[in-house]
Amino acid sequence: MTSDVILDKPPARLARVFSGIQPTGELHLGNYLGAVRTWREQVEAGTDETMFCVVDAHAITVPYDPKELRKNIDDLVLDLIACGVDPEKTTLFVQSDVREHMELAWYLASVTPMGDLSRMTQFKDKGEGKDFVSTGLFTYPVLMSADILLYKATIVPVGEDQVQHLELARETARRFNHRFVGKKQKPVFFEPKARLSATPRIMGLDGEGKMSKSKGNTIGLFEAPDSFWKKLSKAYTDPQRLKLSDPGRPEICNIFTMHKAMSPKETQDEVYVNCTEAKWGCVACKKVLFENFEKELIPLRTKREQLSVDKVRQAMGDGASKARRIAVETMKEVREVMGLGSLGT
Ligand code: AQP
């Protein structure tokens, strides 16, 4: 769809970075290497305004246990802080604490075609073969568009699996402006851009698909070293490498992908040569990777042990209030251009 309003021009302020993560289970290496590590880099760089959100309203689109969800939210908040998503330097909050997300999602649904939603691969993957598929799972990308557009975010650091949803959010911004904003007026929404890490897709330990909390093919970021190693040592590699003397293909090996994220360049080169020339076996290659994971993860584990929910509750309340101040302003604009009631905010 083409649009005749001016788009893709960020507002005259710092870029605003926004991203979210579902509290659906333990934070894993895929989440970290695909997204959360980039979040920390953004926070530490301090050049852009950053906002990160635990998207609990997304987590209820599949069957779940309410008590477990509450615990998962708390755990994930602590995990993120331990990873360096520091609430003193960024806005960290829980999605359902800012109800405007849900309100905007309903309004955006009015400009989102069902055809687009039915093409989303995540919906197909998660819905396939299930007896019960919720409407929420189908409209999940509309809520994700709302999460991003509510804050007029310009950069969204995500893993590769979320790029299709982000494209829809861009399209939704265009459609909304086209439908509700006059040609000469300032657009309400801007088109957000995805920011991918160098390793945007980490495969699961079984090699059958991406590493995913709901697929049981993960290594938890805060897993104890012995079980971390136990899982890593059994992880799927190049299926053609049956014997030590078979040369490996690093370019298709998930372990090499992780080396690219975790190991210094010289080690990556060493791994490449030793794998392709069949000098190292996969276990030796994994050992080096494990050691490099340990170097990065030991300080994170130590920090995680020092945190407790009570200590961060106030910061989460502050994060939600800060987010809400922006959200309320956006909703005023949205309600106005859509011709909706003006007394609600
Ligand atoms: N395997 C992965 N490789 C790279 N990036 C990944 N991400 C998730 N898995 C990988 C990125 O992590 C961020 C948070 O993801 P999410 O939890 O909100 O949703 P998800 O993508 O659906 O993650 P999971 O683990 O697969 O959760 P479930 O099983 O509950 O659906 C996102 O930026 C995502 O791209």
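View 1. At 52% relative accessibility, Lys265 is exposed (over 50% relative accessible area; buried is under 20%, partly exposed in between; 1.4 Å probe, protein chains only). Asp269, at 38%, counts as partly exposed. The two form a salt bridge, with the closest N and O atoms 2.8 Å apart (a side-chain nitrogen of Lys or Arg within 4 Å of a carboxyl oxygen of Asp or Glu). The model is predicted: local features need pLDDT of at least 70, and side-chain atom pairs count only at pLDDT 80 or more, while totals for chains, interfaces and linings use all residues. Residues are numbered from 1 along each chain, and side-chain values use heavy atoms, without hydrogens and water.

**View 2. Arg174 and Glu191.** Their side chains meet in a salt bridge at 2.6 Å, N to O. Arg174 sits in helix 8 (residues 163–180), Glu191 in the loop between helix 8 and strand 5 (193–195). Both residues are buried.

**View 3. Glu296 and Arg40.** This salt bridge spans 3.4 Å, N to O. Glu296 belongs to helix 12 and Arg40 to helix 1 (residues 29–45), so the pair ties together parts 256 residues apart in sequence. Arg40 is buried, at 14% relative accessible area.

**View 4. Asp226 in helix 9.** Asp226 lies in helix 9 (residues 225–233). Its relative accessibility is 58%, which makes Asp226 exposed. Gln314 is 88 residues away in sequence and 35 Å away in space, C-alpha to C-alpha.

How values were computed. Helices (H or I, at least four residues) and strands (E, at least two) are DSSP runs, numbered from the N terminus.
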